[in-house]
Structure formats: structure tokens, C-alpha cells
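We will take its features one at a time.

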Amino acid sequence: MPIGLPEFVENPENRCPVILLLDTSGSMSGQPIQELNRGLAAFKEDVLKDAQASLSVEVAIVTFAPVRLMQDFVTIDNFTAPKLEAEGVTPMGEAIEYALDLLETRKQTYKDNGILYYRPWVFLITDGAPTDYWQSAAQRVREAEEQRRMLFFTVGVQGADMNKLREIAPPERPPVMLNGLDFRSLFVWLSTSMKRVSSGKVGAAVALPPVGWGQITS
């Protein structure tokens with residue numbers, strides 16, 4: 001039997017991967033990016049309160065404007081929230097494709113090391129609309145959802161093109177408009193959800209907490 005990567009030898013727990021796909025374009029400058037940074041810090045702080053989730057939840061951060069891997073997958077105890085800065089346009093299609101490729105690579109790493117994993121989450125947060133070709137990315141999202149290979153969540157911040165986001169989001173999970181700049185409540189909800197997922201069996205259905213931080217748009 002091959003020797004696994006040290007991270008999996010030291011911590012063989014089932015993994016609960018989540019990619020935060022964050023819009024850091026110029027329109028997010030000022031208070032929005034500040035509140036987003038505070039929300040990321042709150043996410044780490046809240047997940048760390050749960051011993052099982054601390055070992056299971058893995059987070060990666062992909063920002064766009066331009067598309068960058070700000071944080072590759074790490075368990076939450078090794079995660080340091082980056083200080084995001086706002087600049088540039090909104091290449092959302094490229095960012096989604098990048099995140100989906102990153103996720104497939106990570107899933108293969110789990111398989112190669114004999115690690116079980118929960119259905120991954122991809123969490124897109126934007127205050128704008130794509131400035132690039134996004135249709136093939138949307139198609140990939142829908143196919144992956146239909147095949148139960150991930151859960152894709154779409155969050156619009158004030159100014160977001162919710163019509164475009166509805167075209168990108170899977171039909172069964174329409175985009176949510178964030179209440180003001182309440183990123184903290186969003187990330188505490190995400191943390192609570194991750195705790196519930198990581199405490200259950202791989203493949204089991206989990207009841208998520210109510211979305212009190214935003215309005216579901218139809």
C-alpha cells in the first residue's frame with residue numbers, strides 16, 4: 001500500500017472541501033472588501049469551535065480580478081484568512097472554470113490517498129456581472145450539480161446582476177441576495193453548515209440552517 005501524503009497520514013479524517021470563489025473586482029473596494037475580509041476571519045474562528053469540523057473542513061480561496069489562487073486547500077486549523085484587496089474587472093467565467101478544475105484535482109488527491117470526502121461546496125460571491133465568456137462555465141456547474149459531484153451556491157452583493165447569476169446558478173439553488181454587507185452572518189451560516197456536514201456520514205443528506213443573511217431571488 002503506498003504511503004500517503006503527510007497531511008493525510010497525520011489527519012486521515014474524512015474531508016469536507018469548500019472553495020470560496022470571491023469577486024475582488026474594483027467595485028468591491030472600500031467597505032464591501034473590508035466586510036468580506038472580516039467575514040473570512042469569522043469563518044475560521046467559528047469552524048475552529050468544533051473539533052471534528054476543524055479536522056474535516058478544507059478551504060481554498062479563488063479570487064477574480066484577475067483570477068488567482070489565494071489559498072490552496074488546507075484544513076481550517078492551517079488556514080489564515082488572506083487580506084483581500086479590490087482591483088480590476090470581473091472574469092467570472094474563467095474563475096468558475098479554474099475553481100472546478102482545482103476541485104477535480106483535489107478530489108483525485110483524496111482518492112489517491114484513500115481519503116473519503118463529503119460532496120464539495122463551491123461558494124460564489126459577487127457584486128457584479130461577468131466581463132468574460134461565462135456560458136461554458138455555467139454549463140459545467142449544472143452538469144456537476146446534476147451528477148451530484150458538488151453543491152454550487154451563488155451570492156449576490158448589492159449591485160450584482162441577479163439575472164445573470166440565475167443563469168449561472170443551478171435551477172434548484174437560485175442565487176441569494178446578501179442583506180447589505182452582512183458577510184459575517186453569511187460565513188457563520190457557512191461554518192454551521194460545514195459543522196453539520198462533517199458530523200454526518202459521507203453521502204448522507206444534511207438539513208442546512210435557514211438562510212437568515214439574505215433573500216432568495218426567483
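## The largest pocket

Keep in mind that this is a predicted model. Rolling a probe the size of a water molecule over the atoms shows where empty space is left. The largest pocket holds about 440 Å³ of space.

Which residues lie nearest the centre of the largest pocket? They are Arg 119, Arg 148, Leu 151, Ala 204 and Ala 205, out of 19 lining residues. Sorted by class, the lining of this pocket has twelve nonpolar residues, six charged ones and one polar one.

## Helix 2 and helix 7

Two packed helices are described by the angle between their axes and the distance between the axes. Helix 2 covers residues 31–47 and helix 7 covers residues 183–198; their axes come within 8 Å and cross at roughly 25 degrees. Angles under 35 degrees count as roughly parallel, so helix 2 is roughly parallel to helix 7. The crossing of helix 2 past helix 7 is right-handed.

You can trace the contact residue by residue. Helix 2 contributes Pro 32, Glu 35, Leu 36, Gly 39, Leu 40, Ala 42, Phe 43, Glu 45, Asp 46 and Val 47. From helix 7 come Phe 183, Arg 184, Phe 187, Val 188, Leu 190, Ser 191, Thr 192, Met 194 and Lys 195. In the contact of helix 2 with helix 7, eleven residues are nonpolar, five are charged and three are polar.

## Helix 4 and helix 5

Now find another pair: helix 4, residues 92–112, and helix 5, residues 135–146. Their axes are 8 Å apart, and the packing angle is about 35 degrees. Is the crossing of helix 4 past helix 5 left-handed or right-handed? It is left-handed.

On the helix 4 side, the residues that meet helix 5 are Gly 93, Ile 96, Glu 97, Leu 100 and Asp 101. Their partners in helix 5 are Ser 136, Ala 137, Arg 140 and Val 141. By class, the contact of helix 4 with helix 5 has four nonpolar, three charged and two polar residues.

What is the form of the peptide bond from Ala 65 to Pro 66? The bond is cis, with omega near -10 degrees. Ala 65 has another feature to note: its phi is positive, about 120 degrees, although Ala 65 is not a glycine.

Conventions. Residues are numbered from 1 along each chain as its sequence is written. This is a predicted model: local features need pLDDT of at least 70, side-chain atom pairs count only at pLDDT 80 or more; totals for chains, interfaces and linings use all residues. Side-chain values use heavy atoms; hydrogens and water are left out. On a 1 Å grid over the protein atoms alone, a cavity is a set of points where a 1.4 Å probe fits but cannot get out, and a pocket is an open set with protein on both sides within 12 Å along at least five of seven lines; lining residues have an atom within 4 Å of a point. Grid points are joined across faces, edges and corners, and a volume is the space filled by probe spheres set on the points. Ala, Val, Leu, Ile, Met, Phe, Trp, Tyr, Cys and Pro count as nonpolar, Asp, Glu, Lys and Arg as charged, and the others, Gly among them, as polar. Axes are lines fitted to C-alpha atoms, for helices over the stretch in contact, and angles run from 0 to 180 degrees between N-to-C directions. Helices (H or I, at least four residues) and strands (E, at least two) are DSSP runs, numbered from the N terminus. Angles under 35 degrees count as roughly parallel, over 145 as roughly antiparallel, 65 to 115 as roughly perpendicular and the rest as oblique. A crossing is left-handed if the near helix is turned anticlockwise from the far one by less than a right angle, and right-handed if clockwise. Contact means heavy atoms within 4.5 Å.
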